[in-house]
Every structure is written in C-alpha cells, then in structure tokens.
Amino acid sequence: MPTLSEFVAGFLHQDWPDDFATVDDVAREYLALEPHKASTLARDVRTLLDGDHSEDDLRRILEGLGSQYWPPGDGITHREYLQGLLGIAETGGPPSRE
C-alpha cells in the first residue's frame with residue numbers, strides 16, 4: 001500500500017487540521033498535487049477495504065502507516081473514512097453518505 005502510506009504519512013500528520021477544513025480536503029489536495037496517483041490510491045484503499053479487517057484492525061493499520069486522523073472524532077468509522085477516500089480517489093469527490 002505504498003500510495004496510501006505516502007498519503008497518510010505525508011498529508012495526515014498531526015497538523016493537518018491547521019491547513020485544511022476537512023479530511024476530504026486533504027485528499028483532494030493530495031490528488032491535485034499527484035493526480036497520476038489516483039488509481040493507485042484507489043487500489044490501495046480497495047485492497048484494505050476488501051480485507052477481513054475489524055474496525056480496530058483498520059485503526060491500527062492506518063496508524064501504522066502514519067495517519068494522525070481519528071475518524072470517530074468526525075462521527076464516522078475508519079471503514080467509512082476509507083470508503084469516502086476511495087470515492088474521492090475514484091471520482092474526485094466523496095460518495096454520498098445518505
């Protein structure tokens with residue numbers, strides 16, 4: 001998961017809220033700077049989502065990659081965060097949460 005690792009370690013550092021209003025804005029900025037990585041980011045996220053991972057597993061994996069983002073603070077699960085990230089990587093915008 002090299003592209004996902006690059007994204008979370010490089011962009012979801014402890015100060016990301018100082019620079020961005022939302023975590024979705026972070027992903028859009030990353031993809032604006034690295035548009036050629038959208039498909040590999042989507043592949044990495046899909047691989048993670050397709051695995052048999054519990055919510056705690058996903059938390060540990062993301063933290064192990066260097067993420068400083070805590071989805072429950074925004075009222076979503078780690079899985080829901082990853083699904084939103086996948087939507088951004090695939091389409092340039094988050095999927096509807098309805």
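Leaving aside neighbours within four places in sequence, which residues is His78 in contact with? In this predicted model, the list is Glu55, Leu58, Arg59, Leu62, Trp70, Pro71 and Pro72. His78 itself is found in helix α6. At 3% relative accessibility it falls under the 20% cut-off, so His78 counts as buried.

**The overall fold**

Let's step back to the whole chain. The protein chain has six helices and zero strands, and from the N terminus on the order is simply α-α-α-α-α-α. The radius of gyration is 12 Å, close to the 13 Å that the globule rule gives for 98 residues, so the chain is as compact as a globular protein of that length. If you want a box for the C-alpha atoms, roughly 30 × 30 × 25 Å along the principal axes will do.

Of the 98 residues, 40% count as buried. Take the contacts between residues at least 6 apart in sequence: 58% of them join residues at least 24 apart.

**The nonpolar core**

Which residues touch the most other members of the largest nonpolar core? They are Leu4, Phe7, Leu12, Leu41 and Tyr81, out of 28 residues in that core.

Phe7 is a handy place to look around. Not counting residues up to four places away in sequence, Phe7 touches Leu12, Val26, Ala27, Tyr30, Leu41, Tyr81 and Leu85.

Leu82 lies in helix α6. Its relative accessibility is 0%, so Leu82 counts as buried. Beyond the residues up to four places away in sequence, Leu82 touches Val45, Leu48, Leu49, Leu58 and Leu62.

Val8 is found in helix α1. It too has a relative accessibility of 0%, so Val8 counts as buried. With neighbours within four places in sequence left aside, Val8 is in contact with His13, Leu62, Leu65, Gly66 and Ser67.

Is Thr77 buried or partly exposed? At 31% relative accessibility, Thr77 counts as partly exposed. You'll find Thr77 in the loop between α5 and α6. Its contacts, not counting residues up to four places away in sequence, are Glu55 and Pro71. Glu55 and Pro71 also turn up among the contacts of His78.

| Pair | Apart in sequence | C-alpha to C-alpha |
|---|---|---|
| Leu82 and Leu48 | 34 residues | 8.5 Å |
| Thr77 and Glu55 | 22 residues | 7.3 Å |
| Val8 and Gln68 | 60 residues | 7.8 Å |

Two of these pairs also show up as contacts: Leu82 touches Leu48, and Thr77 touches Glu55.

How values were computed: Residues numbered from 1 in each chain as written. Predicted model: local features only at pLDDT ≥ 70, side-chain atom pairs only at ≥ 80, totals over all residues. Heavy atoms only, no water. Core = buried A, V, L, I, M, F, W, Y, C linked by side-chain atoms within 4.5 Å. Buried < 20%, exposed > 50% of the residue type's maximum accessible area, 1.4 Å probe, protein only. Contact = heavy atoms within 4.5 Å. Helix = DSSP H or I, 4+ residues; strand = E, 2+ residues; numbered from the N terminus. Rg over C-alpha atoms; globule rule 2.2 N^0.38 Å.
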